[in-house]
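Visitor: I would like to learn how to read strands and helices in a model. Please take me through an example.

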Amino acid sequence: MLSFLKSVFGSDITETEYRYADDTPYYIRDGYTPQLLIWGQNQCIILTPKDPSWRLPVLKKQLKKFQELCIIPCALGLENLTALQRRNLIENHIPFVSMSQQVYLPFWGCSFREHFKAEMIIADKMAPGTQLVFLYLYYGRSTEPINLTQIAKDLSLSKATCTRAINDLTASGLITQNAEGTHKWINLAYGKPEFLKKGYERLKSPVKRILYVKTPVQVETPVISGIRALAQQSTIGVNEQDGAIAVSKKAAAKIPADAICTKQYFGDFGGSVFEVWSYDPAILARNACADDISLLLSLDKDPNERIQMCLDEIREKHELPIKEEE
């Protein structure tokens, strides 16, 4: 930001740390990072919100409150802006400096460049990588913040995929991000039960396709899924043709083509059922069984009443609404 401001106001502009006055409200102390800009005899305080999922009406109200307590001109420091947000700030005479190279400091000067962040469109259903990150955060034992690098490492996701997932969940209001240097720390916006309820409607079955295999094959990190997995935590019975083994797309690609058969052949002569998941089931598995929520999603549309009754036990366990009879 400083280099851009120097290009606008000259190289003699400097930036230094600012300490809040004792009467500054805690929601400002805890919610913003302050910076003091000095340009000759002129000074300006920039308040940058720590929560990247900020809401403009709240920022405007809190900046006004802070300005009432401070004799130095104040402005908002924002990472990026949409064209609509910029217009709203200017129309309401709210000073700001944007990392996207937008400056509106009426007491100093202004500079605008037509460079805005794209409005993020939130899809009805989460992408596989986003759903994996969502469930990982839900199952996390610790309530402490976690950074993007650690999430990508634990889930074997690329930084790009993980970043898209974090941005989606942030835009959805499910998580918040706090930037500290080069790290972005992720926090749940709700407690665990509410977090799951808020995001559940956007989740979908991880099962991309079913493979019927007539001969025994070895796959890397197989995970018990389907009715066999449900039977391990309920009273439902299973037979030889029930259940499935969940595998990743990578593992499924290694199954020999001549071992794969039709559903009819499987029904007549038996074999194994493999569910090919859109994300690696082994990442969230517990005791070699599919995780609860993925299992629930994979069987959610099964018409069997006994299966739905057993799934209700999982719904109750995770404080989800019981599915109404159709």
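This is a predicted model: local features need pLDDT of at least 70, side-chain atom pairs count only at pLDDT 80 or more; totals for chains, interfaces and linings use all residues.

Visitor: Over how many bridges do β2 and β3 pair?

Guide: Helices (H or I, at least four residues) and strands (E, at least two) are DSSP runs, numbered from the N terminus. Two strands pair if DSSP finds at least two bridges between them. Strand β2 (residues 32–39) pairs with β3 in the antiparallel sense over 8 bridges, and Thr33 stands opposite Thr48 in β3. The two strands form a hairpin with 2 residues between them, and Gly40 in the turn has a positive phi of about 65°.

Visitor: In which sense do β3 and β4 pair?

Guide: β3 and strand β4 (residues 74–78) pair in the parallel sense over 3 bridges, with Leu47 opposite Leu76 in β4.

Visitor: How are two packed helices described?

Guide: Two packed helices are described by the angle between their axes and the distance between the axes. Axes are lines fitted to C-alpha atoms, for helices over the stretch in contact (heavy atoms within 4.5 Å), and angles run from 0 to 180 degrees between N-to-C directions. Here the axes of helix α5 (residues 128–139) and helix α6 (residues 148–155) come within 11 Å and cross at roughly 105°. Therefore α5 and α6 are roughly perpendicular (65 to 115 degrees) to each other. Leu132, Val133, Tyr136 and Leu137 in α5 meet Gln150, Ile151, Asp154 and Leu155 in α6.

Technical notes: Residues are numbered from 1 along each chain as its sequence is written. Side-chain values use heavy atoms; hydrogens and water are left out. Angles under 35 degrees count as roughly parallel, over 145 as roughly antiparallel, 65 to 115 as roughly perpendicular and the rest as oblique.
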